Amino acid sequence: MIKTSTINDATANANCIFDNIPKKTKAKVLTYGTEITAQKGNIIFFEGDSPDHLYFIKEGKIRLTKLSEDGKVFFLQTKKSQDLLGELNLFNGFTHRFDAEVVQDCKLLRFDRKEIENLLAKDTDLAACLLKILSIENQTLLHQFRDLIFCGKQGAVFAMLIRLSNEYGKKISTGILINRKVTNQELANFVGATRESINRILKRLIRQKIISVNTKYITIHDIDFLKEHLRCAHCPFEECTI
């Protein structure tokens, strides 16, 4: 269930887009927002919905998913605390091209798109800050598709292992433990592959002693092997996550 309530000054601890704008502008922006709580499993918007709102995630996680014509689910991105949601269609007026599913109970600020557009037209500080965020988001998506298109399914799996290690990794004596259960089906959804192809890629990595898997927990023993394959040294991002 999605619940709404009027926000108050306690919301002023929100950061990210609000961090680099003047306090007066920040206070003004927050007056436009409505606080929303959404439970795991809720859908914030569906593919094809009109982009009427912009969201700021205060707590929780939301996964952007795409359903192919043949029924395969593709995980595009996971939005987390301090991220914006719905920003990609803020100016173009196109309908949403993916579903936004809550995967961890959320608190969000919801802003009316037209009001934000009017505010951006009047406030250059806020507009510049949002443009910077949009630029980073575009680069993130481009690198994600680069991994898939130019490096193939295997490269996309390598990229996901690196992203998961950045987000959930724990250094141990034998390498980096991804301290979260990861199923082959989940990896398949992230890279747009079948579970069977993921099985083959992981088995190959296990034989080469690049990784090991114990009850769905993956340990990366040679992360440099994965990074060299993807040419991570040329990547502009210091740390990429899912």
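Which residues in helix 1 (residues 23–31) are buried? The legends below take up this and other close-up views. The model is predicted; local features need pLDDT of at least 70, side-chain atom pairs count only at pLDDT 80 or more, and totals for chains, interfaces and linings use all residues. Residues are numbered from 1 along each chain as its sequence is written, and side-chain values use heavy atoms, with hydrogens and water left out.

View 1. Thr25, Lys26, Val29 and Leu30 are buried in helix 1 (buried: under 20% relative accessible area; exposed: over 50%; partly exposed: in between; 1.4 Å probe, protein chains only). They lie on the same side of helix 1 because they cover an arc of only 135 degrees around the axis, taken from the directions from the helix axis to the C-beta atoms. Lys23, Lys24 and Thr31 are exposed on the face turned away from the buried side. Helices (H or I, at least four residues) and strands (E, at least two) are DSSP runs, numbered from the N terminus.

**View 2. Phe145 in helix 3.** Phe145 belongs to helix 3 (residues 124–168). With a relative accessible area of 32%, Phe145 is partly exposed.

View 3. Strand 11 (residues 217–220) pairs with strand 9 (residues 175–178) in the antiparallel sense over two bridges; strands pair if DSSP finds at least two bridges between them. Here Thr219 stands opposite Leu177. Strand 10 (residues 211–214) also runs antiparallel to strand 11, joined by four bridges, with Val213 opposite Ile218.

**View 4. The hairpin turn.** Two residues separate strand 10 from strand 11 in a hairpin. Thr215 in the turn has a positive phi of about 50 degrees.
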